[in-house]
Amino acid sequence: MSRPEYQAPPEIYYGDAEAKKYTQNTRNQQIQADMTYRALELLNLPPDEPAFLLDIGCGSGLSGEILEEEGYIWTGVDIAPSMLEVALERDIDGDLFLQDIGQGFGFRPGSFDGAISISVLQWLLNAETSHPTSSPPHRLTRFFTTLHSALRNPSRAVFQFYPTSDDQIQLITSIAQKAGFGGGVVVDYPNSKKARKVFLCLFVGGGGTQQQMPQGVEGEDDEHAIFERRREKERKRDISGKRKNVKDKDWILKKKELYRQRGKEGVPRDSKYTGRKRKPIF
């Protein structure tokens, strides 16, 4: 069987103008937001608690903005310098790394509470060069092995991606399992050619219990369903008057501790005034 020709993600060839145009496109923003919210649902993080997440293929930070709104601290990696430059210009909060994920990660073991990735994983299925170590199995093995190490136990990693065949899905899941992950594939709207979305939901550990595999969303048309789910989410926020990132004292202390663990300088010391609400001056 011939070796697949290498195809890099199109974003790697973007100039600054193209990267900005991609980021400013409202359709791209909507798709990215929808997939990020769904990935967070599948990640199933504890509510009202800060977490340190890895955004794999973060681009210009569209998913990162959602993570910030939801109250999470995050770090992003991407292979495209122009997209990361746009992210910096947009003054996002996440730390950014220029990285070919097929070479693996160098993060400390147990660094992250979870990981998400939107529309990236399929690019690891292309051979980078003719050298055997650049083949898709080798790149996938480096990727999943080092990612597994970088995630704490227990945790999850969720990938939305675009496979072109069942063989690709089988290759990806089998290598992920060999790297130590549990989990599998979740398919939303499986009977719709237009709306069908594939997610790889991977588990690290489980604290002595088996993590339950989430279910895909059934139906034919996702446009109305996604709109209704988002509207319901916003309605609940309006009723409660708060987002997930409620900045009470416990939340602030946990977030400051995460910053300290990351080696961030200038984190304010804890005191009896931490998280105290200021009284109105009038």
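Predicted model: local features only at pLDDT ≥ 70, side-chain atom pairs only at ≥ 80, totals over all residues.
Good morning, colleagues. Let me begin with the overall composition. The protein has 8 helices and 7 strands. Of its 282 residues, 44% are buried. Taking contacts between residues at least 6 apart in sequence, 68% of them join residues at least 24 apart.

Helix H1 covers residues 16–24 and helix H4 covers residues 81–89; they pack at about 60°, and their axes are 9 Å apart. The crossing of H1 past H4 is right-handed. Which residues meet here? From H1 they are Asp16, Ala19, Lys20, Tyr22 and Thr23, and from H4 they are Ser82, Met83, Val86 and Glu89. Sorted by class, this contact holds 4 nonpolar, 2 polar and 3 charged residues.

The next pair is H2 and H3. Helix H2, residues 26–43, packs with helix H3, residues 62–69, at an angle of about 50°, the axes being 9 Å apart. The two helices are therefore oblique to each other, H2 to H3. H2 passes H3 with right-handed crossing geometry. On the H2 side, the residues involved are Asn28, Gln29, Gln32, Ala33, Thr36, Tyr37 and Leu40; on the H3 side, they are Leu62, Ser63, Ile66, Leu67 and Glu69. This contact of H2 with H3 comprises 6 nonpolar, 5 polar and 1 charged residues.

Glutamine 30 belongs to helix H2, and glutamine 30 is partly exposed, at a relative accessible area of 32%. Between glutamine 30 and leucine 62 there are 9.5 Å from C-alpha to C-alpha, although the two are 32 residues apart in sequence.

The remaining pair is H5 and H6. The axis of helix H5, residues 136–150, comes within 9 Å of the axis of helix H6, residues 166–178, and the two cross at roughly 45°. H5 and H6 are therefore oblique to each other, and their crossing is right-handed.

Is phenylalanine 144 buried or exposed? Phenylalanine 144 is buried, with a relative accessible area of 0%. This residue is part of helix H5. Its C-alpha lies 9.3 Å from that of isoleucine 172, which is 28 residues away in sequence. Beyond its neighbours within four places in sequence, phenylalanine 144 contacts Leu121, Phe159, Ile172, Ile175, Ala176, Ala179, Phe181, Leu200 and Leu202.

Phenylalanine 144 leads us to the aromatic residues. One aromatic cluster is formed by Phe52, Phe97, Phe105, Phe107, Phe112, Phe143, Phe144, Phe159 and Phe181. How many aromatic pairs are there? The count comes to 9 aromatic pairs. I shall describe two of these pairs.

Phenylalanine 52 and phenylalanine 112 form a tilted aromatic pair, with 4.7 Å from centre to centre and 45° between the planes. The two residues come from distant parts of the chain, 60 residues apart: phenylalanine 52 lies in strand S1, residues 52–56, and phenylalanine 112 in strand S4, residues 112–118. Phenylalanine 52 is buried, with a relative accessible area of 7%. Phenylalanine 112 is likewise buried, its relative accessible area being 1%.

The other pair, phenylalanine 143 with phenylalanine 159, is edge-to-face, at 5.8 Å centre to centre and with 70° between the planes. Phenylalanine 143 lies in helix H5 and phenylalanine 159 in strand S5, residues 151–161, so this pair ties together parts that are 16 residues apart in sequence. Phenylalanine 143 and phenylalanine 159 are both buried.

Thank you for your attention.

Terms used:
Residues numbered from 1 in each chain as written. Heavy atoms only, no water. Axes fitted to C-alpha atoms, helices over the stretch in contact; angles between N-to-C directions. Helix = DSSP H or I, 4+ residues; strand = E, 2+ residues; numbered from the N terminus. Parallel < 35°, antiparallel > 145°, perpendicular 65-115°, else oblique. Left-handed = near helix turned anticlockwise from the far one by under 90°. Phe/Tyr/Trp six-rings, centres within 6.5 Å; stacked < 30°, edge-to-face > 60°. Buried < 20%, exposed > 50% of the residue type's maximum accessible area, 1.4 Å probe, protein only. Contact = heavy atoms within 4.5 Å. Nonpolar A, V, L, I, M, F, W, Y, C, P; charged D, E, K, R; others polar.
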